[in-house]
Amino acid sequence: MKKYLHVLNIGIQNQLVYRVNFLFRACFGLLPLIATISLWRTVYAGKEGQIGSYTLAQMISYYLVVTLVDMFTAVNEDDWQIAADIREGNISQFLVKPIDYLRYRLCLFVAGRAIYTAVALVPVAIFIFLQREYFVTPADWSTFGWFALSIVMTALLQFFTSYAMALLAFWVLEVSTFIFILFAFEYIAGGHLFPLDILPPWLAQALSYTPFPYQMYFPVSIYVGKSTGAALYQGLLTQFLWVMAAFLFAKFMWARGIRKYSAVGG
Amino acid sequence: MNHQGTKTQSPDKTPLVPSCLGGSLRRYLTVYIALWKNSVIREMSFKTNFILWIVVELLWFALQLSFIAVIYSHTDRIGDWTKWQVVLLMGAAHFIQQIFQAFFLTNCVELSELIRTGRLDFMLLLPVNTRFLISLRKVDLGGFVNATSALVVIGYALKQLALVPSALQLIGFALLVLTGILIHYSLMFLLTTISFWTVRAQGIVWGYYSLFNISRLPDAAYHGFFKAFFTFVLPMVLVANVPAKVMVQKLRSPGELLLLVGMMFACAIVSEIVWRFSVRHYTSASS
């Protein structure tokens with residue numbers, strides 16, 4: 001375990017180099033968010049009442065919480081780096097060292113998120129403060145606790161999925177197109193673009209059988225009070241099962257890939 | 001990365017004093033054709049990847065359109081914009097973005113790499129305008145394919161709106177789209193020249209790219225300082241909205257039209273001034 005703490009430490013030091021980049025990214029990222037929020041405001045202004053089950057404040061909160069969850073859980077450069085490690089033969093060293101590549105990468109992911117969050121929290125918090133009259137808080141502390149737990153599972157789910165995708169580099173030279181295609185699905189079916197329960201019910205229902213809502217929509221829905229009672233526990237259990245499935249899939253991909261691996265340039 | 005060699009073999013010797021403008025134009029055309037040839041060869045050596053990138057772009061375009069579909073399943077207006085008007089706007093924005101991407105994006109992004117590695121030295125030595133060369137070095141052919149998908153969407157939206165644009169509207173639309181592309185090019189080139197001072201410029205360039213999201217939405221959605229900033233400083237709100245408005249006959253006065261053209265000249269001039277200033281201060285990476 002100690003060696004992984006060491007990896008974590010090195011990861012944090014490496015990521016600190018990019019702090020200015022992170023700040024730029026977080027600030028630029030707020031601009032499309034402002035655009036989306038203004039768009040919804042205009043929609044609400046031209047219409048009486050709610051959209052789906054959302055008031056204007058809940059809708060704005062939804063997007064703000066998406067930004068928060070994204071800050072904590074988004075896979076940043078990890079998948080590109082993993083693919084590059086395979087392509088350039090850098091993973092050879094992990095095959096002869098007593099280090100598990102998946103755990104090594106997980107440590108770097110955690111380090112990256114920690115530094116990104118530390119930097120991005122400033123502009124994001126200022127922005128949320130400016131929108132405070134539209135920012136709802138969770139119903140109670142237990143809701144907040146479930147939200148936090150769900151975020152951790154979202155992070156793991158996103159990481160394992162990206163890891164498995166990046167391992168495609170064992171078979172194909174260029175994985176970025178595959179990553180972007182999957183990301184497109186995560187973006188729309190995961191609820192980045194709009195809350196999934198404003199879709200027609202049959203479509204929202206169909207999506208709930210895919211892992212995508214558990215990569216973003218589910219924790220946010222806990223926060224804004226759309227998942228309560230039995231739905232909450234059932235959702236948490238489903239999310240946990242998806243995390244396990246993604247973990248096993250990542251392991252499986254690694255086991256198959258390593259058989260194919262020929263240590264190019266290594 | 002040896003294609004530099006092939007590109008520099010423009011056989012005709014440059015006259016010390018350009019004999020006439022026509023000759024110089026022909027020379028640049030020859031150079032540009034050579035650049036195109038190189039790009040086609042480069043793209044075709046990764047055919048599957050070329051097609052997959054088109055799939056990626058199509059998917060993201062469809063995703064933006066479905067967002068609009070979802071919004072309009074709950075309302076019939078965003079400000080004074082109806083559903084198919086917004087679809088047309090999205091088509092226009094996508095078209096502008098894709099053509100920009102086809103000609104300029106890769107080149108703008110790569111400038112910081114040229115500076116970091118010192119390869120810019122070789123470009124400066126070539127007997128062509130350096131800005132011409134680094135702006136148009138590579139052509140991203142996928143952009144043209146994706147631009148067609150945008151045209152299809154524009155056409156379909158026109159059909160739904162039961163509009164048949166006049167020749168004048170079409171010409172106006174084409175010119176305004178061109179204006180929009182030049183604005184994006186000037187601004188992004190301006191940002192890339194920051195690489196002369198810091199290696200972090202690439203992040204800023206990609207940041208600018210996220211602003212394309214703003215140009216896709218109807219101007220009625222924006223208010224206050226945000227709208228003013230993205231109209232008069234970075235004219236994102238105008239770039240696709242003005243041509244789309246010409247097409248759906250939404251333009252009430254020629255004011256916005258003139259503003260867009262004016263902003264284009266302003267952006268182009270500022271970007272050229274900054275470029276000249278930057279090149280004068282280029283010290284080269286030790287190569």
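Modeller: Gladly, and one definition comes first: a helix here is a DSSP run of H or I with at least four residues, and helices are numbered from the N terminus. Please also keep in mind that this is a predicted model.

Biologist: In which helix of chain A does A:Glu186 lie?

Modeller: Helices carry numbers counted from the N terminus, and α8 of chain A spans residues 176–189. The helix that holds A:Glu186 is α8.

Biologist: Does A:Glu186 count as buried or exposed?

Modeller: The cut-off for buried is under 20% relative accessible area. Because A:Glu186 has 10% relative accessibility, the class of this residue is buried.

Biologist: Which residues does A:Glu186 touch, not counting residues up to four places away in sequence?

Modeller: Contact here means heavy atoms within 4.5 Å. With the close sequence neighbours set aside, the residues that A:Glu186 touches are A:Thr161, A:Gly191, A:His192, A:Phe212 and A:Gln215.

Biologist: How many Å apart in space are A:Glu186 and A:Tyr214, C-alpha to C-alpha?

Modeller: Along the sequence, A:Glu186 and A:Tyr214 are 28 residues apart. In space, taken from C-alpha to C-alpha, the separation of A:Glu186 and A:Tyr214 is 9.6 Å.

Biologist: Turning to the two chains, how many residues of chain B are in contact with chain A?

Modeller: Chain A takes part in this contact with 34 residues.

Biologist: What percentage of the area buried between chain A and chain B is on carbon and sulfur atoms?

Modeller: Together, chain A and chain B bury about 2,900 Å² between them. Across this interface the rule finds 0 salt bridges, while 5 residue pairs are in polar contact, both residues of each pair being at pLDDT 80 or more. Of the buried area, the part on carbon and sulfur atoms is 81%.

Biologist: Which helix gives the most to the side of chain A that touches chain B?

Modeller: Both α2 (19–45) and α8 (176–189) of chain A supply at least two residues of that side. By class, the side of chain A that touches chain B has 25 nonpolar, 7 polar and 2 charged residues. With 14 residues, the helix that gives the most is α2(A).

Biologist: Why are B:Arg116 and B:Glu113 separated by about one helical turn?

Modeller: The side chains of B:Arg116 and B:Glu113 meet in a salt bridge, at 2.7 Å from N to O. In general, side chains of opposite charge can pair when their charged atoms come close. B:Arg116 and B:Glu113 are separated by about one turn because they are 3 residues apart in helix α4 (residues 83–117) of chain B.

Biologist: Which residues have the most contacts inside the largest nonpolar core?

Modeller: The largest nonpolar core has 178 residues, and α4(B) gives the most to this core, with 18 residues. One of the residues with the most contacts inside this core is B:Leu120, which touches residues including B:Leu111, B:Ile134 and B:Phe196.

Biologist: Where is the backbone oxygen that lies 2.8 Å from a polar atom of the side chain of A:Thr73?

Modeller: A:Thr73 is found in helix α3 (residues 56–73) of chain A, and A:Thr73 is buried, with a relative accessible area of 0%. Among the residues that A:Thr73 touches are A:Phe109, A:Arg113 and A:Gln158. The backbone oxygen at 2.8 Å from the side chain of A:Thr73 belongs to A:Val69.

Biologist: What is the relative accessible area of B:Ser135?

Modeller: B:Ser135 lies in helix α6 (residues 130–136) of chain B. Leaving aside neighbours within four places in sequence, B:Ser135 is in contact with residues including B:Phe103, B:Asn107 and B:Tyr185. B:Ser135 is buried, and its relative accessible area is 2%.

Technical notes: Residues are numbered from 1 along each chain as its sequence is written. Chains are lettered from A and ligands numbered from 1 in the order in which they are written. This is a predicted model: local features need pLDDT of at least 70, side-chain atom pairs count only at pLDDT 80 or more; totals for chains, interfaces and linings use all residues. Side-chain values use heavy atoms; hydrogens and water are left out. Buried area is the accessible area (1.4 Å probe) that two parts lose on being put together, summed over both. A salt bridge is a side-chain nitrogen of Lys or Arg within 4 Å of a carboxyl oxygen of Asp or Glu. A polar contact is a pair of N or O atoms within 3.5 Å; within protein, one must be able to donate a hydrogen and the other to accept it, and residues adjacent in sequence count only if both atoms are side-chain atoms. Ala, Val, Leu, Ile, Met, Phe, Trp, Tyr, Cys and Pro count as nonpolar, Asp, Glu, Lys and Arg as charged, and the others, Gly among them, as polar. Buried means under 20% relative accessible area, exposed over 50%, partly exposed in between (1.4 Å probe, protein chains only). A nonpolar core is a set of buried Ala, Val, Leu, Ile, Met, Phe, Trp, Tyr and Cys residues joined through side-chain atoms within 4.5 Å.
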